[in-house]
There are 2 protein chains.
Amino acid sequence: MLLLLFVSCKKSEESTDAKSKEGAATAATSDPLPSWNDGALKSDIIAYVEKVTKKGSPDFIPEEYRIATFDNDGTLWAEKPYVQELFAFYRVKKMVEAKPELAQKQPFKAVIEKDKTFFEKGGDKALIELVAATHTGMNEDEFETSVNDFFKSAQYPGKNVPVKQIRYQPQLELLNYLRANGFKTYIVTGGTIEVVRGISQEFYGIPKDQVVGTSFKYKYDGTKNVVQREAALDHFNDKEGKPVGIQLHIGQRPVFACGNEGGAGDIPMLQYSQGNKYPSFQLLVNHNDSIREYKYQEKDNASLNAAAKNKWHVVDMQKDWKKVFSDN
Amino acid sequence: MLLLLFVSCKKSEESTDAKSKEGAATAATSDPLPSWNDGALKSDIIAYVEKVTKKGSPDFIPEEYRIATFDNDGTLWAEKPYVQELFAFYRVKKMVEAKPELAQKQPFKAVIEKDKTFFEKGGDKALIELVAATHTGMNEDEFETSVNDFFKSAQYPGKNVPVKQIRYQPQLELLNYLRANGFKTYIVTGGTIEVVRGISQEFYGIPKDQVVGTSFKYKYDGTKNVVQREAALDHFNDKEGKPVGIQLHIGQRPVFACGNEGGAGDIPMLQYSQGNKYPSFQLLVNHNDSIREYKYQEKDNASLNAAAKNKWHVVDMQKDWKKVFSDN
């Protein structure tokens, strides 16, 4: 389970303060998706939004049902490596600085010494140990501080940019466009909920309570008046866990759902969305751009096969995105 | 645990579409809380809202941190009896209509025959059986339909009014007033989350995803493309469960928290709110109005004692509320 957390955890959020309905008026005259190349996909997105927001149209969706869910890792920002992984390593570093003797203790030792074989051999157990040691055993206020500190200076390996600049510009525009048309946007990530909440508003314009993610067990300590994070997984929000997280946190099926191929983590969410009684839209990002981003595919092509079978829309990153990353 | 669900479950929601910022301007000239009698409590509420929303004030709270949480049963609507209980009995009736042989089977038999001793003797086990039988074992779409059907015609015993009319008018005004001032309002109830979501928008102007409540285990069934409700409690959202539910669903401490005395269910939520780094406000409804509503107290007065000790504000229903129930 926890192995999967590292292997396929997905997180993503971004936006600007785009709740303004004025956006909708602007959209009619100017291009709401300037970083998307003109073509069938862009036209389909716009046609969908227009038909479901047009009063009197047989496809009209009342505003309270305009729920849009986005995966994060590989859907709203890059996932090679996962930012969640960078955070775990950051935590190890900080913890060892505060308590140097930890450097001699596993799993800290393996991280410090970049000993990949430790985690390969140790499997789930070693990873559970690492996540538990770095993500729990403190209260929520302390954890939030730690997440904020990490994001203040986090750089993305390989790209040499702040983590904020691995957000996909076309997706930021899509989030804004949907919100300007009365959609409520959510992140539904395999990543841990509090790490993503740390940047959801600033990076994606998505409030903390609109983040659905993997969570640990919490316990309220009345004496200290804090919520304590316990070293036990409560909900793993990937694959079949995504519709479950959506029901618990949102309480209704999304009409618009967007995920990515790479770890097959979003198939159930897109399928669940397609079961909506209202007209729905499913979008899957295909990572086929080795020059501007990354190129990787699932061995069995499960996500792309599901997309073909169910007529989901696929983002051909090379072809559909004029620009990949956000400048700032 | 489940016994507590019946004994102290709290649910409540109400509002009108009051997101409009224009409300704030109106509030300055007309009375935003007409069903509250003039006095210290009403003045304190207004003074708090004004100081934390005034830009440049040392007490200013940025909008994204203006989180207001309300218990439901006994706080937003009456709790003698719990509407949740009425729903369970309604479900029994419907299930027996569909399958008459259930009338001979417990716990249905006891409900049909109004056999209180069955539940008194059976304790937790009998109640778990009843809640499991009536609230789970179906998928979310089916459960939602069932909740909607119940609320269409539900009457409140003793008062002979539709359930909607046991909402407290002063609280509806308070929710609207807070929203008009940029607060995001939530229901944090001991009741089951989907039952409250069934009326949260219509009764209180609170969207489904802003309801935090008791939840059962869910499981996604990919073949049928539904989320199935399983007969096991996932989270019990009362007492110490409330700060936990708040962390999971909202992700930050409320600055405004409102509960009621009667079952001591809201003490941890009010205490948790008071730990906010921003100026906070705690409000506790005291049920002392035997004529217009109900009069009941906790044996040990735990909630009122906590209020006195922590300087929480107490609603003296007799004195502070000009009008108790909503007319429609």
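Analyst: Let's begin with axes: these are lines fitted to C-alpha atoms, for helices over the stretch in contact, and angles run from 0 to 180 degrees between N-to-C directions. This is a predicted model, where local features need pLDDT of at least 70 and side-chain atom pairs count only at pLDDT 80 or more, while totals for chains, interfaces and linings use all residues. Residues are numbered from 1 along each chain, chains are lettered from A in the order written, and side-chain values use heavy atoms, without hydrogens and water.

User: Why is helix 3 of chain B called roughly parallel to helix 8 of chain B?
Analyst: The axes of helix 3 (residues 40-53) and helix 8 (residues 169-180) of chain B cross at roughly 15° and come within 11 Å. Angles under 35 degrees count as roughly parallel, over 145 as roughly antiparallel, 65 to 115 as roughly perpendicular and the rest as oblique. The crossing angle therefore makes helix 3 of chain B roughly parallel to helix 8 of chain B. Both are DSSP runs: helices are H or I of at least four residues, strands E of at least two, numbered from the N terminus.

User: Why is strand 4 of chain A called mostly covered?
Analyst: Buried means under 20% relative accessible area, exposed over 50%, and partly exposed in between, with a 1.4 Å probe and protein chains only. In strand 4 (residues 184-192) of chain A, eight of its nine residues are buried.

User: How do you know that strand 4 of chain A pairs with strand 5 of chain A?
Analyst: Two strands pair if DSSP finds at least two bridges between them. Strand 4 and strand 5 (residues 211-221) of chain A have three, in the parallel sense, and Ile187(A) stands opposite Val211(A). Strand 1 (residues 67-70) of chain A also runs parallel to strand 4 of chain A, joined by four bridges; there, Ala68(A) has Thr185(A) as its bridge partner.
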